[in-house]
Amino acid sequence: MNIFNIKIEFDPKVLRDTIEHHIEEKKKAYVCVVDANVITIAQKDLKYREIVKNATINTCDGSSIAKMVNKIYGTDYHAYNGPEVFEYYIERPYKHLLLGNKASKVEQIKAKVKEKGVELDMQHLDVPFVPVEEFDYEGIAKQINEIKPDIVWVSLGAPKQETFISNIFPYVNQGVFFGIGAAFNFYTGDLHNNKKEVGGLRLIWLERIFKEPKKQLKRVGNYLLVMPRMYREERKRARQNALK
């Protein structure tokens, strides 16, 4: 669905079918997990917007985003967020490559998967902490191509991870790339994926505000500033389309 100047798939089955088709065919693809931060940046940064729009498929990682869509179009969509996508796939017998984040965090993920009795081919690729334009994309892609992963989980934080994926994409041969943000921390239990809804909202961001107040309050504030305009413009588009 084209919504708020980008495209988002709200059907988890369509998302999973698309991902699994690319894995089976050994094709490359990339998925953006569209949360409030991603959608806010995409409204202002046209280059970043194109990266998100050009993804193979995107999932909605924001109950407030789904709620606005439902109000405008009379749908009954729900968010299928990054932590849920990660948990669904990380315990399945694919060849996983975890890129970014700390080696200790990756070891925690491996330990949790092992506790569940799942044996996986899971590798970690460390990358330097540098600005996104300074990565050696060809060199990193060479390492990825040697591993031949089915899924590459990129945990660099938005918007860096989506830009990283877009820049490395021409050099890789296969693998479904996810810009997965904090999903590693949700999986290990450092953050909690609240599945209860209050007025259709899951309020997952509340815990993140307590743990990272400066960073998260800025993100929430920026989203609240851009949200009314997003809503008005989309509602106007919906009315115009209804008249055609």
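## Salt bridges and an open sheet

Glu107 and Lys110 sit three residues apart in helix α6, about one turn of the helix; helices (H or I, at least four residues) and strands (E, at least two) are DSSP runs, numbered from the N terminus. This is a predicted model, where local features need pLDDT of at least 70 and side-chain atom pairs count only at pLDDT 80 or more, while totals for chains, interfaces and linings use all residues. Residues are numbered from 1 along each chain as its sequence is written, and side-chain values use heavy atoms, leaving out hydrogens and water.

Glu107 and Lys110 also form a salt bridge, meaning a side-chain nitrogen of Lys or Arg within 4 Å of a carboxyl oxygen of Asp or Glu. The whole structure holds eight salt bridges, including these:

| Pair | Closest N to O distance |
|---|---|
| Glu107 and Lys110 | 3.7 Å |

Asp150 counts as buried at 11% relative accessibility, whereas Lys26, at 47%, is partly exposed; buried means under 20% relative accessible area, exposed over 50%, partly exposed in between (1.4 Å probe, protein chains only). Glu87, Glu91 and Lys116 are linked in a salt-bridge network.

Now to the sheet: six strands form an open sheet in the order β4-β3-β8-β7-β5-β6, with parallel pairing; two strands pair if DSSP finds at least two bridges between them. Its edge strands are β4 (57–60) and β6 (121–125).
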